Amino acid sequence: MEDTVIVVMLKDPVTGFLEKELGTYDLTAHEELLYNIYAEQQDGKTQVVLRLTTERDVEDWEFEAIYDYYDAAALAPWALQVEEEEDCFNPIWKVTVPFLEEPTAMEEEIDGILSAHWQELSSVYEVIKDKKDEYQ
């Protein structure tokens, strides 16, 4: 299986257009959990925004159950901020992290976040597998 290469682009705060490439990174695992990624400038600092999701479409009852049992603290070693976005078809977590100039370091950060997200999702799936009746 080949690695997935992603490009992080700087997003214009006014237009929302992606206007400048900041780096390309190889993902070695869990790339299906990355809904999208971009960078933005805030208070003179560049931050990367990863929008994380599930690897599959979830059932209606699972949507709320996943949010109820997902512990965003699993992403705390990397994240400046983690927000839930409930207006999407599947659960989305908006994770903001500092941009690292060193490409290898940024790549390791992204891989670490994706791995931690996958581990947390896996544990949530295990916990909620028998809770369908509670959520319907």
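This is a predicted model: local features need pLDDT of at least 70, side-chain atom pairs count only at pLDDT 80 or more; totals for chains, interfaces and linings use all residues.
Residues are numbered from 1 along each chain as its sequence is written. Local features need pLDDT of at least 70 and side-chain atom pairs pLDDT 80 or more, while totals for chains, interfaces and linings use all residues, and side-chain values use heavy atoms, without hydrogens or water.

Select β1 (residues 4-11) and β2 (residues 18-27), which pair in the antiparallel sense over eight bridges; strands are DSSP runs of E with at least two residues, helices runs of H or I with at least four, both numbered from the N terminus, and pairing needs at least two DSSP bridges between the strands. Val-7 stands opposite Thr-24 in β2, and in the hairpin, with six residues between the strands, Gly-16 takes a positive phi near 80°.

Next, turn to the salt bridges, each a side-chain nitrogen of Lys or Arg within 4 Å of a carboxyl oxygen of Asp or Glu; the count comes to six. Select Lys-132 and Glu-59, whose closest N and O atoms are 3.8 Å apart. Because Lys-132 lies in helix α3 (residues 132-135) and Glu-59 in the loop between β4 (45-52) and α1, the pair ties together parts that are 73 residues apart in sequence.

Finally, select Asp-68 in helix α1 (residues 60-69), which at 47% relative accessibility counts as partly exposed, that is, between buried (under 20%) and exposed (over 50%), with a 1.4 Å probe and protein chains only.
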